[in-house]
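Trainee: I would like to learn how to read a fold from its coordinates. Where do we begin?

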Amino acid sequence: GVQTCALPIYKLKVKIRGAAKSNEDVAEFLKRLNSSVFFKDVNLDATAQANKGSVKYVNFGLSASVIY
């Protein structure tokens, strides 16, 4: 699964930060955003492995243009 934690919109551009269980989950999230009618130019800006106790996860950031 993927959890997002920030969604500021500026001039029809959005930056999304979040966390996911794996890089594969991040890739699937990007794939789905790219296939959405509401987003275009979806780009992965950064990923970083992280731990909280014994739980491993991936922090990510992406940017996209919003269509509405």
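Mentor: With the elements. Helices (H or I, at least four residues) and strands (E, at least two) are DSSP runs, numbered from the N terminus. Ala-46 lies in strand β4, residues 39–52. The model is predicted, so local features need pLDDT of at least 70, side-chain atom pairs count only at pLDDT 80 or more, and totals for chains, interfaces and linings use all residues. Residues are numbered from 1 along each chain as its sequence is written, and side-chain values use heavy atoms, with hydrogens and water left out.

Trainee: How many helices and strands are in the protein chain?

Mentor: The chain has 1 helix and 5 strands. Their order along the sequence is β-β-β-α-β-β. The C-alpha trace spans about 40 × 20 × 15 Å along its principal axes.

Trainee: In what sense do β4 and β5 pair?

Mentor: Two strands pair if DSSP finds at least two bridges between them. β4 and β5 pair in the antiparallel sense, over 11 bridges. They form a hairpin with 2 residues between them. Gly-53, in the turn, has a positive phi of about 65 degrees. Further along the pairing, Thr-47 stands opposite Phe-60 in β5.

Trainee: Is Ala-46 buried, exposed or partly exposed?

Mentor: Buried means under 20% relative accessible area, exposed over 50%, and partly exposed in between (1.4 Å probe, protein chains only). Ala-46 is partly exposed, because its relative accessible area is 42%. Across the chain, buried residues make up 28% of the 68 residues.

Trainee: Which residues is Ala-46 in contact with, leaving aside its neighbours within four places in sequence?

Mentor: Contact means heavy atoms within 4.5 Å. On that basis, Ala-46 touches Asn-59, Phe-60 and Gly-61.

Trainee: What about the nonpolar core?

Mentor: In soluble globular proteins, nonpolar side chains tend to be buried together. A nonpolar core is a set of buried Ala, Val, Leu, Ile, Met, Phe, Trp, Tyr and Cys residues joined through side-chain atoms within 4.5 Å. The largest one here has 13 residues; Ile-16, Val-26, Phe-29, Leu-33, Val-42, Phe-60 and Leu-62 touch the most other members. β3 (13–20), α1 (23–35) and β5 (55–66) each give two or more residues to this core. β5 gives the most, with 5 residues.

Trainee: Which contacts does Leu-62 make beyond four places in sequence?

Mentor: Among them are Ile-16, Phe-29, Leu-33 and Val-42. Asn-43 and Asp-45 are also in contact with Leu-62.
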